[in-house]
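Reader: I am new to this structure. Can you walk me through it in short steps?

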Amino acid sequence: MATGRTHRPATRSRGIPEATVARLPLYLRALTGLSERSVPTVSSEELAAAAGVNSAKLRKDFSYLGSYGTRGVGYDVEYLVYQISRELGLTQDWPVVIVGIGNLGAALANYGGFASRGFRVAALIDADPAMAGKPVAGIPVQHTDELEKIIDDNGVSIGVIATPAGAAQQVCERLVAAGVTSILNFAPTVLSVPDGVDVRKVDLSIELQILAFHEQRKAGEEAAAAAADGAIPTAAARKGSAGKGPDGDVPAVMPA
């Protein structure tokens, strides 16, 4: 079976924009759902709605793949699943190592979606000697002393970092030195990597803070609308205005 070390996706060589690449998994998820329901074809409008984008953007994205659909019929679901999977490199085996088997690392190891999407968890690695040999998701945890050998033996090019922030950069450097060229980082820190190494960061606290911003804005809009109508603000609106002092809003971050 092919491995990630010897086969790379062709998206960059074909000039597909990064924004389009970022949307391809959304289309694939929606298409996979349609395929599981045995839906043979789908219109651009239906697929765009399922993926959460507008149909014009979807048609533009698919034009980079050379897929234009058929007027009055739409897109062939099974062919698009294959086409997008091939473009993303998911028609081959991608061995992945997860470093840091705490609560988050263990949850990632137990995630069943990896295998169905072309990823194989080749190894689980942790610095705690007490973890060595313990099975997580049916895979025995190995010590970080074995990291370089594990990467070489399995032809790993994708690493997942789920360590504490303080250990992440050192782990990253060892992964890169061993030949890993793509990293998914769950540690709450920014990693420094050389050219040619791709990093995707997943920071749950940042995502929650963005949601908090939108909740605060909605509460403020609701309070303003209620004031304009002379109505009594709802609990959410009162919450949104709770930080007001005699001189207006209290800054979210006070100056040092």
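**Questions on the predicted model**

Reader: How many helices and strands does the chain have?

Author: The model is predicted. Its secondary structure includes both kinds of element. The count is ten helices and eleven strands.

Reader: What share of the residues is buried?

Author: The chain has 256 residues. A residue is buried when its relative accessible area is under 20%. Buried residues make up 37%.

Reader: What share of the accessible surface belongs to carbon and sulfur atoms?

Author: The accessible surface of the chain comes to about 14,900 Å². The part that belongs to carbon and sulfur atoms is 57%.

Reader: How do the axes of α7 and α8 lie: parallel, perpendicular or oblique?

Author: Helix α7 spans residues 147-154, and helix α8 spans residues 165-178. Their axes come within 9 Å and cross at roughly 40 degrees. Roughly parallel needs an angle under 35 degrees, and roughly perpendicular needs 65 to 115. The two helices are therefore oblique.

Reader: Which residues of α8 make the contact with α7?

Author: From α7, the contact takes in Leu-147, Glu-148 and Ile-151. By class, the contact of α7 with α8 has four nonpolar, no polar and two charged residues. On the α8 side, the residues are Arg-174, Leu-175 and Ala-178.

Reader: Is Thr-144 buried or exposed?

Author: Thr-144 sits in the loop between β6 (139-143) and α7. Its relative accessibility is 11%. The limit for buried is under 20%. So Thr-144 is buried.

Reader: What separates the C-alpha atoms of Thr-144 and Arg-174?

Author: Leaving out residues up to four places away in sequence, Thr-144 touches Ile-125, Asp-126, Ala-127 and Arg-174. Thr-144 and Arg-174 are 30 residues apart along the chain. Their C-alpha atoms are separated by 9.8 Å.

Reader: Is Ser-38 buried or exposed?

Author: Ser-38 is in the loop between α1 (18-36) and β1 (41-42). It is not a glycine, yet it has a positive phi of about 60 degrees. Its relative accessible area is 64%, and so Ser-38 is exposed.

Reader: What is the phi of Ala-137?

Author: Ala-137 lies in the loop between β5 (135-136) and β6. At 41% relative accessibility, Ala-137 is partly exposed. Its phi is positive, in a residue other than glycine, and is near 55 degrees.

Terms used
Residues are numbered from 1 along each chain as its sequence is written. This is a predicted model: local features need pLDDT of at least 70, side-chain atom pairs count only at pLDDT 80 or more; totals for chains, interfaces and linings use all residues. Side-chain values use heavy atoms; hydrogens and water are left out. Helices (H or I, at least four residues) and strands (E, at least two) are DSSP runs, numbered from the N terminus. Buried means under 20% relative accessible area, exposed over 50%, partly exposed in between (1.4 Å probe, protein chains only). Accessible areas come from the Shrake-Rupley method with a 1.4 Å probe; for residues, only the protein chains shown count as cover. Axes are lines fitted to C-alpha atoms, for helices over the stretch in contact, and angles run from 0 to 180 degrees between N-to-C directions. Angles under 35 degrees count as roughly parallel, over 145 as roughly antiparallel, 65 to 115 as roughly perpendicular and the rest as oblique. Contact means heavy atoms within 4.5 Å. Ala, Val, Leu, Ile, Met, Phe, Trp, Tyr, Cys and Pro count as nonpolar, Asp, Glu, Lys and Arg as charged, and the others, Gly among them, as polar.
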